[in-house]
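Look at the structure below, then read on.

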Amino acid sequence: KGRKSRVIYGVRRGKVTFRQERVRCGRATCTRCPHGPYWYAYWREGGRLRSRYIGKRLPAVPGGTSPN
């Protein structure tokens with residue numbers, strides 16, 4: 001079951017790409033969709049694209065800047 005989303009902003013750190021997305025919840029009666037924006041991390045592992053929900057704010061990286 002895939003989520004329907006729209007990419008707002010993306011930033012790459014090494015082999016991981018962080019994307020800020022607005023996400024639809026899928027409820028037929030929802031009047032506030034899309035929700036977010038939320039940060040997701042994307043990377044390749046064993047030839048497959050993996051992703052993980054990060055949250056409302058992207059964590060700061062030492063020596064880097066955060067687009068929050």
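**Aromatic rings, charges over rings and cysteines**

The structure holds three aromatic pairs. A pair here means rings of Phe, Tyr or Trp (its six-membered ring) with centres within 6.5 Å; planes under 30 degrees apart are stacked, over 60 edge-to-face, and the rest tilted. This is a predicted model: local features need pLDDT of at least 70, side-chain atom pairs count only at pLDDT 80 or more, and totals for chains, interfaces and linings use all residues. Residues are numbered from 1 along each chain as its sequence is written, and side-chain values use heavy atoms, with hydrogens and water left out.

**The tyrosine pairs**

- Tyr38 and Tyr53 make an edge-to-face aromatic pair, at 5.9 Å centre to centre and 65° between the planes.
- This pair links distant parts of the chain, 15 residues apart: Tyr38 is in strand E3 (residues 35–45) and Tyr53 is in strand E4 (residues 48–55). Strands (E, at least two residues) are DSSP runs, numbered from the N terminus.
- Tyr38 is partly exposed, at 23% relative accessible area. Tyr53 is also partly exposed, at 46% relative accessibility. The cut-offs are under 20% relative accessible area for buried, over 50% for exposed, and partly exposed in between (1.4 Å probe, protein chains only).
- Tyr40 and Tyr53 are an edge-to-face pair, because their ring centres are 5.6 Å apart and their planes stand at 65°.
- That pair, too, links distant parts of the chain: Tyr40 in strand E3 and Tyr53 in strand E4 are 13 residues apart.
- Tyr40 is buried, with 9% relative accessible area.
- Ring pairs join Tyr38, Tyr40 and Tyr53 into a cluster.

**Charges over rings**

- The charged end of Arg13 sits over the ring of Phe18, 5.3 Å from the ring centre. The test asks for NZ of Lys or CZ of Arg within 6 Å of the ring centre and within 35 degrees of the ring normal.
- Arg19 lies over the face of Tyr42, 4.5 Å from the ring centre.

**Cysteines**

- How many disulfides does a search of the whole structure find? The search finds zero.
- A disulfide is a covalent bond between the sulfur atoms of two cysteines. The cut-off is a pair of cysteine sulfur atoms within 2.5 Å.
- The closest cysteine sulfur to that of Cys25 is in Cys33, 3.5 Å away, which is too far for a bond.
- Cys25 is partly exposed, with a relative accessible area of 39%.

Methods: Helix = DSSP H or I, 4+ residues; strand = E, 2+ residues; numbered from the N terminus.
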